[in-house]
Amino acid sequence: MNQSDKIKVVKKLGGWERMAIFSGVILSVPLFTLLGTAVYALVTDRPDAHMGVLLTIISILVLWAIVWGTLWIVSAFREENGEENDNMDSSAADMLATLQEENTRLKKQLAELTKGK
């Protein structure tokens, strides 16, 4: 698999950002279920139910702090690689302009040669 195929797959699937958010959502579902159970225990006046609510809320906050930290790190890597890609894009744009000028010159030369016949 060459580099352009890898880039196409990453663009198709969404990359690391989508994976971090997807993981956060998937891991949040059982935590919110646990929170619902803890709130139910609090409503039914179970002993130490408030501790379950508190621990579940802390767990959810820690999970999403990890997810946002991961997104922050991934975006930093993406920006770092993006600067290199911008340099490559500008050199590719320069090369494209040069090739278009050469193409125009060759078309004029071909037109002159065909007029002469």
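Q: Which residues make up the largest nonpolar core?
A: A nonpolar core is a set of buried Ala, Val, Leu, Ile, Met, Phe, Trp, Tyr and Cys residues joined through side-chain atoms within 4.5 Å, where buried means under 20% relative accessible area, exposed over 50% and partly exposed in between (1.4 Å probe, protein chains only). The largest such core has six residues in all: L31, L35, A38, V53, I60 and L63.

Q: Which helices each supply at least two residues of this core?
A: Helices (H or I, at least four residues) are DSSP runs, numbered from the N terminus. Residues are numbered from 1 along each chain as its sequence is written. This is a predicted model, in which local features need pLDDT of at least 70 and side-chain atom pairs count only at pLDDT 80 or more. The helices that each supply at least two core residues are α2 (15-43) and α3 (49-116).

Q: Which side chains meet in a salt bridge?
A: A salt bridge is a side-chain nitrogen of Lys or Arg within 4 Å of a carboxyl oxygen of Asp or Glu. One is found in a search of the whole structure. At 2.4 Å, N to O, the pair is R105 and E102.

Q: Is R105 buried, partly exposed or exposed, and at what relative accessibility?
A: E102 counts as partly exposed because its relative accessibility is 34%. R105 also counts as partly exposed, and its relative accessibility is 43%.

Technical notes. Heavy atoms only, no water.
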